[in-house]
Amino acid sequence: MYVTDPIADMLARIRNANSVYHESVDVPMSKMKMEIARILKDAGYIKNFKVVNDPKKPYSTIRMILSYGPNRERVIQGLRRISKPGRRMHVGHSDLPKVMGGLGIAVISTSKGLKTDTEATQLGLGGEVLCYVW
């Protein structure tokens with residue numbers, strides 16, 4: 001299946017699985033999606049992720065184990081795609097966004113790879129704002 005915006009597709013799959021309390025969600029694998037999954041894991045939004053090779057499918061998938069609170073509260077309250085194929089959003093290091101007053105994270109594509117907004121601020125890097133997670 002061809003998808004115009006694979007990152008938006010990944011975020012939509014996570015959002016949909018999270019809304020019905022699924023334990024895990026599978027997304028087609030790419031290097032960019034692996035890095036986004038790593039950032040989500042490091043920030044505590046997902047428990048873990050791994051690459052799954054299904055012999056029935058011609059491509060590998062990333063299986064992300066979603067995280068929930070002790071009383072089944074959702075850890076991921078929201079996901080929003082910011083930079084889209086039709087309109088790219090680039091920011092300088094001094095204009096990096098703060099999501100929900102610092103309670104969420106922004107995923108930034110910098111010259112040194114994908115970083116969160118706080119990591120990019122510490123390194124003094126700007127770049128393309130991919131998405132917000134809170």
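Reader: What counts as a salt bridge here?
Author: A side-chain nitrogen of Lys or Arg within 4 Å of a carboxyl oxygen of Asp or Glu. Note that this is a predicted model.

Reader: How many salt bridges by that rule?
Author: Six.

Reader: Take Arg81. Which residue does Arg81 form a salt bridge with?
Author: Asp5. The closest N and O atoms are 3.1 Å apart.

Reader: What does the pair tie together?
Author: Arg81 lies in strand 4 (residues 79–81), and Asp5 in the segment before helix 1 (6–19), so the pair joins parts that are 76 residues apart in sequence.

Reader: Is that pair buried or exposed?
Author: Arg81 is buried, and Asp5 is buried too.

Reader: On to helix 1. Where do Arg13 and Asp9 lie?
Author: Both are in helix 1, four residues apart, about one turn of the helix.

Reader: Next, Glu128. Which side chain does Glu128 meet in a salt bridge?
Author: That of Arg88, at 3.1 Å, N to O. Glu128 sits in strand 8 (residues 127–133) and Arg88 in the loop between strand 4 and strand 5 (90–91), so this pair ties together parts 40 residues apart in sequence.

Reader: Buried or partly exposed, for Glu128? And Arg88?
Author: Glu128 is buried, with a relative accessible area of 14%. Arg88 is partly exposed, with 44%.

Reader: Last one. Which residues are linked in a network?
Author: Glu35, Arg38 and Asp42, through salt bridges.

Note on methods: Residues are numbered from 1 along each chain as its sequence is written. This is a predicted model: local features need pLDDT of at least 70, side-chain atom pairs count only at pLDDT 80 or more; totals for chains, interfaces and linings use all residues. Side-chain values use heavy atoms; hydrogens and water are left out. Helices (H or I, at least four residues) and strands (E, at least two) are DSSP runs, numbered from the N terminus. Buried means under 20% relative accessible area, exposed over 50%, partly exposed in between (1.4 Å probe, protein chains only).
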